[in-house]
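Subject: The structure we talked about

Hi there,

Here is the structure I promised you. Please have it open while you read, and my notes follow below it.

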Amino acid sequence: MSFIIAQSFYFIIPLLIVAIAGLFSEKSGTVNIALEGIMVIGAFFGVLFIHFMQAVVKINMNPQLLLFLALMVSGVAGVGFSSLLGFLAIKMRADQTIGGTALNLLAASLVVYLSKAIVKDTRIYFSAVFEFKSNFLSQIPFINYVFFNHAYLTTYIGIIILIATVLIFKYTRFGLRLSACGEHPQAAQSAGINVIKYRWAGVLISGFLAGLGGLAYVIPTSISFEGTVAGYGFLALAVLIFGQWRPSRVFLAAIFFGFFKTLSVVYFGIDAISGWMTTYPNIPFALFFRILPYVVTLIVLAITSKKSRAPKASGIPFDPLAG
Amino acid sequence: MDNFKVKLTTKWNEFKVSQGFKNITASLLAILLGILLGIIIILITNIGNSGLGISRLLLGAFNNPRGAWIGIGQLLYRVTPLVFTGLAVAFAFKTGVFNIGASGQYTMGLFVAAIVGILGDNLGFMQWPIALLAGGLAGALWGALSGVFKALFNVNIVISGIMLNYIGMFLVNGMLGGFLRPYMVDGAQNRTITVDQAARTPYALLDKIFPNSGLDFGIILAIGFVVLIWFVLNKTVFGRELKSVGMNRDAAKYAGVNEKRAIILSMAIAGFLAGIGGALFILAPSIRNLGNQYSLENVILGAGFDGIPIALLGNSHPVGVFFAALFVQYIKLSGDPLQSLGYASEIVNLIIAVILYFSAFALIISQYVTKLRKKKNNQVNDDSNKDNGVVPPEKPSKTEEVIL
Amino acid sequence: MHNIIEMRNITKKFPGIIANNNVTFELRRGEIHALLGENGAGKSTLMSILFGMYKADSGVILKDGQEVVINSPNDANDLGIGMVHQHFKLVEVFSVLDNIIMGIEPSKGSGVIDRKSAKEDIIKLCEQYELALNPDDIIEDVTVGAQQRTEILKMLFRKNDILIFDEPTAVLTPQEIKQLMITMKKLAKEGKSIIFITHKLEEIMTVCDRVTVLRRGKNMGTVEVKDVTKEKLSKMMVGREVDFKIEKNDMELGDAVLMVKDLVVINELSKKHVVDHVSFKVRRGEIVCIAGIDGNGQSELGYALSGIVKPNSGQIYLNYEDITNKSIRYRNDNGMSHIPEDRHKYGLILQDSLANNLALKKYHLEPFQRKGIIKNEPINALANELITHFDIRSGQGAKTLSGSLSGGNQQKAIIAREINKDSDFLLSIQTVRGLDVGAVEFAHKSIIKERDRGKGILMISFELDEVMSISDRILVMYEGKIVKDVLAKDITVDELGLYMAGIKQDEIPPLTLTEQENEKMAQWRGNK
């Protein structure tokens with residue numbers, strides 16, 4: 001059981017981080033369809049950095065420190081890539097959905113191209129040494145297992161990001177103004193707020209978090225990166241919509257969707273299910289659990305989308321000169 | 001004769017200031033920027049071979065080792081699925097819907113056509129048309145699903161499209177890898193076996209004109225559908241209604257159009273087109289009648305996504321889509337020749353993605369350029385519209401509302 | 001007498017129009033100064049320049065005699081200039097408090113907002129200026145009057161001394177308007193200088209000290225209110241005698257072309273009965289006008305009648321046929337014309353040609369299509385006919401993109417299309433919004449012509465002038481209910497105001513059908 005909970009964190013945390021990335025962008029007024037592409041870029045540069053440090057420089061560094069630096073690299077890469085979205089959406093006021101899609105395609109091909117060029121392979125391998133193995137609080141075996149013995153730095157970072165986001169939007173000037181820019185930018189402008197600046201902030205923060213989230217997705221779940229995050233960026237969008245653009249609800253939504261994604265990987269480890277599998281060998285359980293997260297996404301969105309209330313001005317380009 | 005010349009020049013002058021002209025220049029601009037980037041990447045990667053590399057990039061389809069003529073044949077053969085996915089995305093765009101799920105519809109069409117093509121032994125000479133039609137209908141169903149989610153439940157169409165892409169892929173690979181495996185899959189290669197002879201698209205003499213290029217009747221079908229779609233969109237009441245939903249959803253509703261029905265039908269037709277594209281791929285006899293196979297790798301087929309830049313470059317106009325598809329396939333065919341020079345073939349995909357990025361705002365750039373030119377010539381504005389209504393400052397004009 | 005603000009020789013051009021033409025405007029400290037003019041006269045533009053939202057092409061602005069540069073609302077705010085816009089600049093999901101402090105949030109450090117001290121300051125201001133407001137309410141839940149008070153408080157919180165009000169009374173009840181006038185007087189007494197943009201003469205006479213009249217971008221003069229009459233101001237505003245009364249013949253009333261029985265529309269989100277058991281009839285040959293403040297259910301009633309929204313219960317009869325559940329297209333094809341509230345949202349497809357828009361409700365019928373294929377010649381012929389007959393000015397005739405027509409001509413096109421349908425029943429909502437006097441006259445004349453031809457017309461209007469001048473019969477809607485059903489000649493504006501504000505409410509008897517009408521309805525049901 002602890003195993004399953006621990007595994008689900010590996011899926012929930014990146015979903016949470018990337019959904020929050022989408023939150024910053026959309027709350028400030030820019031629809032970010034490119035979360036998928038930014039994740040890919042972030043994961044690529046992060047894994048490349050780790051690979052470089054481990055295999056080339058062969059540095060002897062504390063793995064947590066290495067991971068932290070790699071996460072920063074991913075974040076910065078994400079910022080760079082998302083500035084393409086910012087340019088298109090904020091400066092050129094072009095269609096954000098098309099632009100976001102373009103960036104997704106760009107990321108996919110860019111990453112394969114660079115991968116082949118730099119490591120002569122489409123996969124970049126790294127040594128999986130980042131798991132926390134601490135005996136802290138071992139008196140409570142469950143807590144110890146999930147949070148300290150099979151955890152990753154990314155789990156803590158994810159939770160910190162969540163808490164910070166809640167605080168920012170509830171209590172700070174920055175949060176209030178950012179929200180205003182996504183709800184009614186004309187009102188914000190006439191109140192003296194520089195809408196363009198805040199929208200850029202929203203997009204760039206979004207890029208940082210999505211890039212970081214990309215690496216956070218790869219590290220706990222595999223030993224290589226091969227250029228895709230399997231639609232995670234879009235699942236994060238669904239999480240954002242399901243969470244109605246509120247950080248605390250987004251967290252719950254991330255747990256919900258992350259759970260199904262986890263199931264698709266660990267289903268055979270659950271005694272009840274493996275029992276069914278032996279009893280009914282002809283039912284395609286593997287296929288079922290594989291498509292389950294995507295199907296659940298569709299069903300949940302179908303139920304909740306009618307009353308959906310996105311930030312009012314999100315997706316609408318802002319023209320500072322049109323009073 | 002002079003009269004004809006005068007008519008031609010006035011038509012040309014009219015065209016020059018029309019929206020259509022602006023759109024074409026915008027597309028050409030995006031293409032130019034994309035190719036420029038490709039050239040830069042070639043120069044950066046390996047400046048030594050760059051001269052040859054750039055020429056191979058620009059020669060595109062003509063790079064064919066068996067000669068330029070066969071290259072054209074190969075171009076026309078390979079472009080067929082792209083024309084259909086381009087039409088699939090473009091048709092949906094006309095109704096204001098972004099059909100990012102074209103890949104899923106394409107895959108479904110391919111899959112069902114393969115089933116009929118491999119297992120439909122007793123259909124005789126009808127095997128091909130039935131396989132084709134079945135593929136189209138499968139795609140239509142898959143597209144309609146997205147449409148239903150949008151029209152009835154207001155689910156964001158991009159998300160439903162992507163979800164259905166994944167669901168479709170996993171379902172198809174799951175079934176092919178599961179109970180269909182013994183009938184349809186070549187275990188060693190992990191690919192589907194080729195379809196029966198009776199299910200293959202006829203060459204229709206095109207293999208005599210372009211020998212060993214793989215070109216078959218599919219290209220004729222593609223051209224036929226371009227004309228058909230153009231006709232439906234521009235000459236029929238049905239097409240007019242779909243377009244009105246894309247231009248102004250509320251006004252269309254007010255005028256009596258049932259927009260839910262419009263969205264679902266539009267997505268069904270788009271899915272049908274993509275499905276036909278997938279079906280034509282798997283049913284193609286290909287070079288020397290070797291046939292085509294579908295790989296069970298868990299990868300979403302790129303043909304569907306290629307439809308997006310094609311639709312945008314062609315400004316969602318059927319004829320534009322055709323030429324845009326030709327261009328995209330043309331560039332793609334420089335992939336292998338570039339690879340043999342030591343440049344990764346992904347350069348081509350990169351270029352296409354960059355072109356898509358620029359096409360998102362190429363129109364705005366070209367509007368900006370026209371504005372600059374107007375300022376220079378100090379054009380006095382037409383007073384005939386002055387009527388005392390309040391005139392707001394210029395807002396960037398959107399030609400289509402995209403429904404999410 | 002000291003000029004706190006001077007705007008000298010301001011000129012501002014937009015493509016195709018000179019919004020402000022060498023305008024000079026002076027504001028004295030402590031006065032309430034009206035800026036009067038029709039739609040499009042340049043009032044909003046001039047004030048937007050003062051508030052820093054536009055930059056003038058030429059001219060200077062002085063404050064207290066010193067030349068100043070105003071490039072943004074921030075600059076304006078630094079000079080103490082604040083503005084309450086016609087369309088409120090409020091974030092709906094924020095509280096009153098957050099809307100007020102947005103942009104100048106007080107903080108005890110490191111960016112954390114000090115809401116406590118802000119709330120105290122706001123409550124103090126409310127007491128000082130006698131404004132009733134609860135800082136914790138969410139904006140989308142409060143009345144329009146409260147929203148406007150929030151806008152006022154935004155200015156007071158920023159210690160603005162020069163307050164610009166842009167058409168503030170357009171959305172208020174007569175009682176709320178009275179309250180606003182009292183507030184303005186109080187503000188002026190406390191030393192604020194107020195600019196009041198309006199085209200409502202009555203209000204100017206009530207509360208203002210001076211008036212500046214703009215016409216077609218030019219300043220026609222500044223006068224003391226005590227020295228002028230409404231008629232004189234009106235003449236300055238339009239340049240000719242304006243006929244407040246419209247010539248109408250008496251008509252014999254015919255059958256009830258529209259009957260509404262016990263109609264209910266419930267808002268999905270709020271569960272409120274926005275249309276609450278409404279019943280009334282419209283007969284051939286009469287113009288019935290639904291008066292009321294925007295937001296009392298008129299829009300939803302209009303949507304239910306046209307078919308855009310399905311009512312929750314009740315019936316609608318068109319020519320005695322029950323059309324409650326019929327599609328929009330059915331209503332269009334069977335006797336209903338509709339001039340919509342929002343001409344850009346519903347009335348026109350701006351990216352499409354004028355011809356296609358004029359044929360928007362007919363292209364699916366013969367002769368405009370045969371077997372599903374569109375025929376362009378009949379469409380163009382119709383378009384040209386309408387363009388001539390209704391004098392729709394367009395750059396390239398039938399081919400013109402309707403988006404490039406001016407607002408007045410766009411509305412003419414919609415009116416042309418709907419009248420051309422020759423329907424028995426015409427529903428016209430906010431017919432003359434944003435139109436200049438000439439276009440208003442034309443629209444009203446066209447509607448009266450249809451009435452004289454025996455059509456039944458239902459108008460929904462928020463302009464009391466229009467209601468009083470054009471209606472034969474008036475219905476007042478308040479909080480979703482009809483609270484008054486009276487012939488226009490039997491009621492005064494003031495009494496109307498009482499009903500509009502819900503202060504008086506009549507019991508409206510349920511729908512009664514004459515024997516003849518019952519027969520006709522039975523006939524319909526029998527014919528099916």
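Let me start where two chains meet. Chain A gives 41 residues to the contact and chain B gives 39 residues, where two residues are in contact if their C-beta atoms, placed from the backbone, lie within 7 Å. On the side of chain A that touches chain B, at least two residues each come from α4 (96-119), α10 (232-242) and α13 (285-304) of chain A. The largest share, 14 residues, is supplied by α4(A). This side of chain A is made up of 27 nonpolar, 8 polar and 6 charged residues. Here Ala, Val, Leu, Ile, Met, Phe, Trp, Tyr, Cys and Pro count as nonpolar, Asp, Glu, Lys and Arg as charged, and the others, Gly among them, as polar.

A word on what you are looking at: this is a predicted model, in which local features need pLDDT of at least 70 and side-chain atom pairs count only at pLDDT 80 or more, while totals for chains, interfaces and linings use all residues. Residues are numbered from 1 along each chain as its sequence is written, chains are lettered from A and ligands numbered from 1 in the order in which they are written. Helices (H or I, at least four residues) and strands (E, at least two) are DSSP runs, numbered from the N terminus.

Now to chain B. Its helices α10 (residues 218-235) and α15 (residues 318-332) pack at an angle of about 150°, with their axes 8 Å apart. Axes are lines fitted to C-alpha atoms, for helices over the stretch in contact, and angles run from 0 to 180 degrees between N-to-C directions. α10(B) and α15(B) are therefore roughly antiparallel to each other (under 35 degrees counts as roughly parallel, over 145 as roughly antiparallel, 65 to 115 as roughly perpendicular and the rest as oblique). B:V226, B:I229 and B:W230 of α10(B) meet B:P318, B:V319 and B:F322 of α15(B). These contact residues divide into 6 nonpolar, no polar and no charged.

Chain C holds 18 helices and 24 strands. Its radius of gyration is 25 Å, close to the 24 Å that the globule rule gives for 528 residues, so chain C is as compact as a globular protein of that length. That radius is taken over C-alpha atoms, and the rule is 2.2 Å times the number of residues to the power 0.38. Along its principal axes, the C-alpha trace of chain C spans about 80 × 50 × 50 Å.

One open sheet of chain C has 4 strands in the order β2-β1-β4-β5, with antiparallel pairing; two strands pair if DSSP finds at least two bridges between them. β2 (17-28) and β5 (66-68) of chain C are the edge strands, each pairing on one side only. From one strand to the next, the twist averages 25°. Strand β4 (residues 58-63) of chain C is joined to β5(C) by 3 bridges, and C:K63 stands opposite C:Q66 in β5(C). Helix α1 (residues 43-50) of chain C lies across β1 (3-14), β2 and β4 of chain C, at about 120° to β1(C).

Happy exploring!
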